[in-house]
Structures are given as structure tokens and as C-alpha cells.
Amino acid sequence: MADKRCSPDEAVTRLKSGMTIGIGGWGARRKPMSLIRALLRTDIDDLTIASFGGPDVGMLCAAGKVAKVVFAFVSLDAIPLEPHFRAARQSGTVAAEEYDEGQFLLALQAAAWRVPFLPTRVGLGSDVMAHNPRLGTVTSPFPSPDGSAAEELVAVPALELDAALVHYNVGDARGNAAYTGPDPYFDDLMLEAASTGGRIVSVENVVPTAELRSTAGCEHRLRVNRLMVDAVVEAPNGAHPTSCDPDYGTDEAAVAAYAATAKSPDAWQAYRDAWLTLPDEAAYQSAVQAKGAVAR
Amino acid sequence: MSEQTIHRADVCAVALAEIFRGDGEILANPIGTTPMIGGRLARATFEPELMMTDSEATLIADDRAYGWGDDKVVETWNPYRRMFDLLWGGRRHVVMTPVQIDPFGNMNFAAIGGTVDRPKVQLLGFRGGPGNTISHTTSYWVPKHSAKTFVETVDVVCGVGYDRAAALNPASARFHEIRRVVTDLCVLDFATEDHRMRLASVHPGVSVGAVVEATGFELVLPEPVPVTRLPTDDELRLMNEVIDPEGRRHAEVADP
């Protein structure tokens, strides 16, 4: 059985400039931050980032890695608007492909099911249709229930990803993985919408396959199977500073400190030097521990 | 009559509860501090079949509006993915907070000014605005009524208003309903022939002129304008003792 384990830095060698990359999690929750940090250590850029966005999007924008963001929202939860993302949008340096969040789900689902689009009422009458020219319309081949003209629906095109980065609580070396928190988010869809070769899962904890179900707590949580995964990264505290319930909550102080650096290029550069240009993930985690020790 | 002091936030919470009257067994999904308190008040009194969220991944039976512990009474699991099943199926009434809203209920919280490629102010994004408004009943909560929020034309239509819905194929728009807009000053609805926004009631102590002045477009004014009802003693007790014991609604809406 293939052992798919590798380091964060080895995992991101699968990525290339110009790719469309899906990032799992939601807002400031269960973001694959160890993989984002590894990506920030490379010279890869010109990326299209698709995300239920949080600090992943903001950091990559601030670091100049992003050509386009595919999004329905970008938020730090406790801080409702992501300041680095806003700065990038307001300076016109990052393009947008905007969706309603349900359309975003359908775009990933269409890619996962290998159909060109999925139909929905979502978007009709709103400006998302004008903002995002990829969205189309399609006329139902069936009569409307009241006998009136057939319904026109929105056709949400498949959002095909070159790669997907997601973080789970527990997994095995083969690429099976589970979430043990309250919400699966859309991570499994991200993996299913992504091309073979680019599907990277980081986990808090790698266990033998025989212990996976008992560690997860029940089989319903085994959301990801090895058909969906090319690389496995063991990254304890790897979602930091975002949450990874029930293992840990959001490090609100760290998120606030990051957010505050959007005020000036110097502040951002200082944050980058202190936290994002360390040699590897182990160095980052040591720095987090040292900072926590000082705080205590 | 009550011997307890009645605050503006109490009136707002009751007005927010009233938007759910008659909804029956659906998900009441009021987003925000006072809306969540109002929704819980509706369920604790006249609309007992409502289901409500914990703002995370479960629907819970607790009357308290926040601060639940491990003993919260979970009715079901409702992660984000399930929310779309629920909302596209239509058994939901959401309350959102606009950054801008126009006379026909078109709503914006995505961006202000500039262009699509370079907004002057990037806000949240479309979020769930398009899907919510085309799929089921929507109401709005505006904690600070002002002409910056109530504008003749919104910069980006995130939530679909009545004029936009009327331009669609009737079958496509058949689930669209903007029921009410509740603010710190008044209650507004769209119960007019062309669904132009109407002043449904002013909160006690608020003049019609004050609402007109704080609104950036012409409102339809009934004659006379009714006054929003006061909370009952039972409603006040529920809010103060059970639903919002920390009085968080008063932090959102101060007395004039």
C-alpha cells in the first residue's frame, strides 16, 4: 500500500505558477495553514485561489501570489472583513470571480461529477450574473408547474481545480481522513473537484488505518478516502491560527495581530519576516509555542 | 401595564419576533444579536414550531440566545452543506443586515463604489444573498437607520428586490418574498401595489419625520402611521430572564 506521507514543503512541489487551487475550511476555521505557509516559502505565483475565504486568501494576496480570487465571501469570523484581501481588491491588484456561496458549492459539485454545469435558481435577478461572466442561463426542457413558460435557470459552470489543499483532524498514510469537529465544510468537494496529482490533505494526526475509525469516533466522520488524495502531510496544530475543532479553537490574538498588519506595508513585512519566512513548519510551530510561553 | 422599564431594544426584538408570525414549522434563521433574540422570543411565545440554529452546525431547542454549554438541546445536525438543502427546499426565513437597501428591497453587502474589478470598498462579497432571496422568505435588520443604508439605488444587488423579481419569469420568482425590514426606528414592509417600501409602523417615541429624514428615498406613508406594539410583561420577562439575560440587545440598540 502506497505511503503518501510527505512534508508540507514536499507537498507543495506539486503546485505550479498559474494553477487554480481550491483551499478548504471556512472563514477562520480549519484552514490548511501549514500548506499555505509552505506555499508562501516558494516562488510560485499567478495563482487563482478558490476558497470559502479566510486568512489563507488574505496572506496569499498580501504576498503577491494571487492573480484571481474565486469567492463568495472572505472573512476572519471575529473580524468580519479580511483586511489584506480588501486591500488587494481595492488596489485592483487581484481579480475576482464572484459567486453566491451556494453557487460555489454547485460549481465544485459540477466539477466533481464531471458535468459542464449544474442548474439552480440562485443568482436570478441579482448582480452576481453581471459580476461573474462565467455564469450562464439555461431554459428548462420541462413545463413550469403552473403551465407558464418554461423556467429559465442559472447554469453554474464546473469549477475545475488543478489542486486542492485541505486540513482534517485525523488520517492515515494512505490518504483516508476524518473530521471530528462539527462541520465537514466543503473540503471533500474541493478534493473531488481537483485533478489527480494535486490533491493534498494535511492532518493533525496520522494513525494506522486499523485505528482510523476508532480515533475518528465513528465511520460517518470518514469523509475523505484515498481515491481522493495524492499527498498526506502530518501537521499538528497545522490550522493555526485558524481553528481545528475539537482539537483547538481559533487563536484570536494571532488572527488579530495578522489582521492589524494590513495597515502598512512595513507592518506586513515585519509579520512576514517574523512568521512566514521561517525555514519550515517546525520552526513556525516552535515560534508559536515560544510566543504562547511568553504570553503565559 | 408593565412596571418594568421598556427600552427601544425591547421594541426592536418584539418587532423582529413578529416577522416570524405564521411561519409554522420552518427554520427561523435571524442573523445578528437582536434578530436572534427576536426569533427566540417568537418561538418561546406564539410560534413554537420554529427550528433555530446555534450559529454553528446544529439546530437547538434552547430558548437562550447565546452562551450554550454542552447541555444544549440539539434537535439535528445542520452543517453548511445541509443549510443549502434546507434553503433551496424553501423551509427557511432568513434575516440579514444590509449595508445598502433600496425602495424595492434590493440589498447590498458586497462592495461600495468603484468597479467590479476595483471596488472602492470591498465588503463581504455576495455571500448567500442571491440564493436566500430567490429561494425563500427574507427579512432585514438595520440596527442604525440612516440615509447611508436606505438609498435610492444600491451599488451591487446581492439580495433580489421586488422590481428585479418581477422582471423574471413568474415561475422563477415564485418563492421570492421580502417580508419586512426592522430598524431601530421603525418597521417597513412592501405591502403596496408596486411593492415599493412602506412605513408599516414607527417605534414608540419616534416621529414619522425622523424616519423620513433618515431614509434616502421616498417612503410610502399610510395615514395614520401605526405605532409598533410594546412587549407584553411575559415577553419582557422572557427576554430579561431567559433569552437575553446579559442584555446584549441593549448594546446593539441604545435608548434615544
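Reader: In this predicted model, which residues of helix 2 of chain B are buried?

Author: A residue counts as buried if 20 or more other C-beta atoms lie within 10 Å of its own. In helix 2 of chain B, this group includes B:Arg40 and B:Arg43.

Reader: Why is helix 2 of chain B described as largely enclosed by the rest of the structure?

Author: Helix 2 of chain B covers residues 33-44. It is largely enclosed because, of its 12 residues, the number buried is 11.

Reader: Which elements of chain B do the buried residues of helix 2 pack against?

Author: The partners comprise both helices and strands of chain B. The strands are strand 1 (27-30), strand 4 (92-96) and strand 9 (137-142). The helices are helix 1 (8-18), helix 7 (233-243) and helix 8 (248-252).

Reader: What distance does helix 2 of chain B reach from its first C-alpha to its last?

Author: At 1.5 Å a residue, the expected value for helix 2 of chain B is 16 Å. The model comes close to this, with a reach of 17 Å.

Reader: How many residues of chain B are in contact with chain A?

Author: Chain A contributes 38 residues to these contacts. By class, that side of chain A has 17 nonpolar, 10 polar and 11 charged residues. On the side of chain B, the number is 35.

Reader: What is the radius of gyration of chain A?

Author: Chain A has 11 helices and 11 strands. For its 296 residues the globule rule gives 19 Å, and the chain is close to this, so it is as compact as a globular protein of that length. The value for chain A is 20 Å.

Technical notes:
Residues numbered from 1 in each chain as written. Chains lettered and ligands numbered in written order. Predicted model: local features only at pLDDT ≥ 70, side-chain atom pairs only at ≥ 80, totals over all residues. Contact = placed C-beta atoms within 7 Å. Nonpolar A, V, L, I, M, F, W, Y, C, P; charged D, E, K, R; others polar. Helix = DSSP H or I, 4+ residues; strand = E, 2+ residues; numbered from the N terminus. Expected span 1.5 Å × (residues − 1). Rg over C-alpha atoms; globule rule 2.2 N^0.38 Å.
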